[in-house]
Amino acid sequence: MIQSVAGHACVVVGTLLLAVAAIGVVRLPDVYTRTSAVAKAAGLGLVLVLLGVAVLTPGWGPVLVLLVAVGLQLFTVPIGGFEIGQAARVARAPVTGSTVHDDAELPRLDDGR
């Protein structure tokens, strides 16, 4: 009973985090904040879904595969998010006025503020 509740709770929370990441991609103003939202919320969301499925799955074989997938996810998502941000910086993608820290001195978007 406790195993089932914990597994389903992880899957539900992970799914909600994935939904928040999807909303962030649509609603956030520039490529840098979108990349941050996806790298953090979607990365953690997918890890929670995988852990929830691992808790719900009987047997060590599938659990081992799911744990390897979690490890790969935790290793590759930050690197991918960083590289996307670097590619945007090299392409000189503009930032909005609400982006506070700008060491690269990128061009600003006119966001009406």
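Guide: Let's start with handedness: a crossing is left-handed if the near helix is turned anticlockwise from the far one by less than a right angle, and right-handed if clockwise. By that rule, α1 goes past α2 in a left-handed crossing. The two pack at an angle of about 160°, and their axes lie 7 Å apart; axes here are lines fitted to C-alpha atoms, for helices over the stretch in contact, with angles from 0 to 180 degrees between N-to-C directions. α1 and α2 are therefore roughly antiparallel, a label for angles over 145 degrees. Sorted by class, their contact has 18 nonpolar, nine polar and one charged residues. Nonpolar covers Ala, Val, Leu, Ile, Met, Phe, Trp, Tyr, Cys and Pro, charged covers Asp, Glu, Lys and Arg, and polar is the others, Gly among them.

How far to trust it? This is a predicted model, where local features need pLDDT of at least 70, side-chain atom pairs count only at pLDDT 80 or more, and totals for chains, interfaces and linings use all residues. Residues are numbered from 1 along each chain as its sequence is written, and side-chain values use heavy atoms, with hydrogens and water left out. The chain's mean is 85, with 87% of its residues at 70 or more.

Stepping back, the chain has three helices and zero strands, these being DSSP runs (helices H or I, at least four residues; strands E, at least two) numbered from the N terminus.

Notes: pLDDT = per-residue confidence, 0-100. Parallel < 35°, antiparallel > 145°, perpendicular 65-115°, else oblique.
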